[in-house]
Amino acid sequence: MSESAEFPDYLDVDYTDGEGEDPAEYPTVNHKIEKAIEVTKTGLEQYENPVVMWTGGKDSTLTLYFVKEVAERFDLEVPPVVFIDHYQHFDELIEFVEHWADEWDLDVIWARNEDVGNYVDEHGLEPGDDIPVDELSEHNQHHIRNILEYEEDTFPFLLDTYVGNHLLKTVALNDTIEEHDVDGILSGIRWDEQESRADETFFSPRHDPDIYPPHDRIQSILQFAEADVWEAFWNFVVPDTVEGYPDDGYVPQGQDDLPEGIEKEDVPVSPKYFAGFRSLGSEVSTDKSAEEPAWLQDMENTTERAGRAQDKEDLMERLRDLGYM
């Protein structure tokens, strides 16, 4: 990617850090946590207007945990968190985000493509209904016609399509980056999650102004595999944040198996994971992977995102080129 001359010159980060690596380079969860703390500290110290990308899912919540821990340890500010509201979330996920944002006193920026959202509300549309391109703003029409080169008169109100995903997530995110003059996004993506993310580095430049407002991605948990994320949750995140949880951790063996006096709503783990979902996307097109909680499922022999619509997964590389996470 070409670097923009306008991008802040006050930064001194190593854009090659993590190049050619994979989770095996960090053999224990402690090694992974040490690296996460190092990257997070650099991110909070170097960037003037950082934000944390928070979906309410396990990866972004782990990222947020490191941000909170590093900020407290080194007397730094916890940045605002950005939640992309694509209008097709599980109700439980919105409730989870609102609850823990209040518990943790977070400043939440709700990133929405309100032009699309308002049209949907005004016309009482349901997921899958068609939206006429010429009914949207010039900004959205520019993205549809000139960026995506989409030629149809309408597109479906569905997250798991090329146009829908771009408008509801990427445009919403990029508009938020521009509005808040964001220079760095602390993001919870992982090397092992998708092939399109396997070559990412801990500090990843997004400097081409023709594609997105120039900024960097600060990616502190690249080195975690799915099982590592859950190990970190039950042994560090939950004991550190839930009063009365065993200090040495406890891994629930079922949906209702928690230490005495602890309820699911006390734990910063989405109830959808307890219910068998391993990946949280659109309520329209995401199914549970199995009946047991996510952390008890066969992570070695099954795909983490198997519950998601695969037509969307096939679009990931193109969507990331346009600025998606």
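Which residues does Asp-85 touch, not counting residues up to four places away in sequence? In this predicted model, Asp-85 touches Ala-111, Arg-112 and Leu-168, where contact means heavy atoms within 4.5 Å. Asp-85 sits in the loop between strand 2 and helix 3. Helices (H or I, at least four residues) and strands (E, at least two) are DSSP runs, numbered from the N terminus. With a relative accessible area of 10%, Asp-85 is buried. Buried means under 20% relative accessible area, exposed over 50% and partly exposed in between (1.4 Å probe, protein chains only). Asp-85 and Gly-117 are 32 residues apart along the chain, and 9.7 Å separates their C-alpha atoms.

Residues are numbered from 1 along each chain as its sequence is written, and side-chain values use heavy atoms, with hydrogens and water left out. Because the model is predicted, local features need pLDDT of at least 70 and side-chain atom pairs count only at pLDDT 80 or more, while totals for chains, interfaces and linings use all residues.

Strand 1 covers residues 50–53 and runs parallel to strand 2, joined by two bridges. Two strands pair if DSSP finds at least two bridges between them. Val-52 stands opposite Val-81 of strand 2. Strand 1 also pairs with strand 6 (residues 184–186), again in the parallel sense, over three bridges. Here Val-51 has Ile-185 as its bridge partner. Both faces of strand 1 are covered. Pro-50 and Val-52 lie on one side, Val-51 and Met-53 on the other, and all are buried. In strand 2, Val-81 and Phe-83 point one way and Val-82 and Ile-84 the other way. These residues are all buried too.

Val-51 counts as buried because its relative accessibility is 4%. Not counting residues up to four places away in sequence, Val-51 touches Pro-79, Pro-80, Val-82, Ile-109, Val-182, Gly-184, Ile-185 and Leu-186. Val-51 and Asp-183 are 132 residues apart in sequence, yet 8.4 Å apart in space, C-alpha to C-alpha.

In soluble globular proteins, nonpolar side chains tend to be buried together. A nonpolar core is a set of buried Ala, Val, Leu, Ile, Met, Phe, Trp, Tyr and Cys residues joined through side-chain atoms within 4.5 Å. The largest such core holds 61 residues. Trp-54, Leu-62, Phe-66, Phe-224, Trp-234 and Val-269 touch the most other members. At least two residues of this core come from each of helix 1 (29–46), helix 2 (58–73), strand 2 (81–84), helix 3 (91–103), helix 7 (226–241) and helix 8 (271–274). A second, separate core has 16 residues, including Tyr-119, Val-133, Phe-157 and Val-163. Leaving aside neighbours within four places in sequence, Trp-234 is in contact with residues including Tyr-245, Tyr-250, Val-269, Phe-274 and Trp-295.

The second largest pocket contains about 220 Å³ of space. On a 1 Å grid over the protein atoms alone, a pocket is an open set of points where a 1.4 Å probe fits, with protein on both sides within 12 Å along at least five of seven lines; lining residues have an atom within 4 Å of a point. The volume is the space filled by probe spheres set on the points, which are joined across faces, edges and corners. The lining has 13 residues, with His-139, His-143, Glu-178, Ile-211 and Pro-213 nearest the centre. Helix 5 (138–147) and helix 6 (162–179) are the elements that give two or more residues. Helix 5 supplies the largest share, four residues.
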